[in-house]
Amino acid sequence: MANSVQTAPEMLAGDPKHAARATRTAGREMRSRLLDGASRLFKERGLAGTSISDIAAAADAFPSQITYYFRTKEALFVEAACREMLYLARATEQEATQAHTPRDYTRALVETVTATDSVAFFTEALTLTRRRQDLAPLVERTIERLHCEGARAYASQVERHGWRSLRAPEESSRRFWAVAIGVMVEGHAMGRPAEDLCTELLRVLGDQATTRTVDDSTRLRLVGDRDASDSDSRDGETSS
């Protein structure tokens, strides 16, 4: 009897581990498509104006897949808003890496944040979780990531350029996002354009850091020289 020879695809298809990996990959892709479609519709129509059927159609999926992956439309709304906020944070960090002065750094952050409606989307999720505490953990994790990653990016720039930060990186990051959310919520409520939001946010934030001046470096050198002299003097006293 002739031996049957399995092709590579047939072998992989019969591999339980491969099947599990394929299933996980397909699941991640479907979740991503649903989040993409939901984000666009939620920002255009709001939570009440968007149905599960609308989201399914936008993602080329079935309504049952939304309930399978997210349980409820509200949970999908919060997760989509949190993801948009983290995408925005990453974009602001990337734009700000091109800055060479503290003011240019702050301006890059502010211009990137105020150019989108992601913050407004996120604040709607914050309001929703006030009534749906079961959704609060995702928001809490998102805010913590904003603060941690913002602090890391800011500390890296301060060290890279030798700036003198007026606050600890963690405090600067928390202050930036708290002020940004507050200014933009107020601005959107009053119908202010992005240019006005940018101007107001820059005004409220003010300086976050300063560049080291010649006087600073001179002072540091003098202190270092004095410390060296004191050390020599003490060494001399000891040796005598």
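The points below are grouped by topic.

The model is predicted: local features need pLDDT of at least 70, side-chain atom pairs count only at pLDDT 80 or more, and totals for chains, interfaces and linings use all residues. Residues are numbered from 1 along each chain as its sequence is written, and side-chain values use heavy atoms, with hydrogens and water left out.

**Confidence**
- The protein chain has a mean pLDDT (the predictor's confidence in each residue, from 0 to 100) of 85, and 79% of its residues reach 70 or more.
- Residues 216-224 stay under 50 in pLDDT, and the model gives this stretch three contacts (heavy atoms within 4.5 Å) beyond four places in sequence.

**Aromatic pairs**
- There are six aromatic pairs, meaning rings of Phe, Tyr and Trp (its six-membered ring) with centres within 6.5 Å; planes under 30 degrees apart count as stacked, over 60 as edge-to-face and the rest as tilted.
- Tyr68 and Tyr69 form an edge-to-face pair, 4.9 Å centre to centre with 85° between the planes.
- Tyr68 is exposed at 64% relative accessible area, whereas Tyr69 is partly exposed at 25%; buried means under 20%, exposed over 50% and partly exposed in between (1.4 Å probe, protein chains only).
- Tyr105 and Trp163 have ring centres 5.9 Å apart and planes at 70°, so this pair is edge-to-face.
- Tyr105 is buried at 4%, and Trp163 is buried at 4%.
- Phe42, Phe77 and Phe121 form one aromatic cluster.
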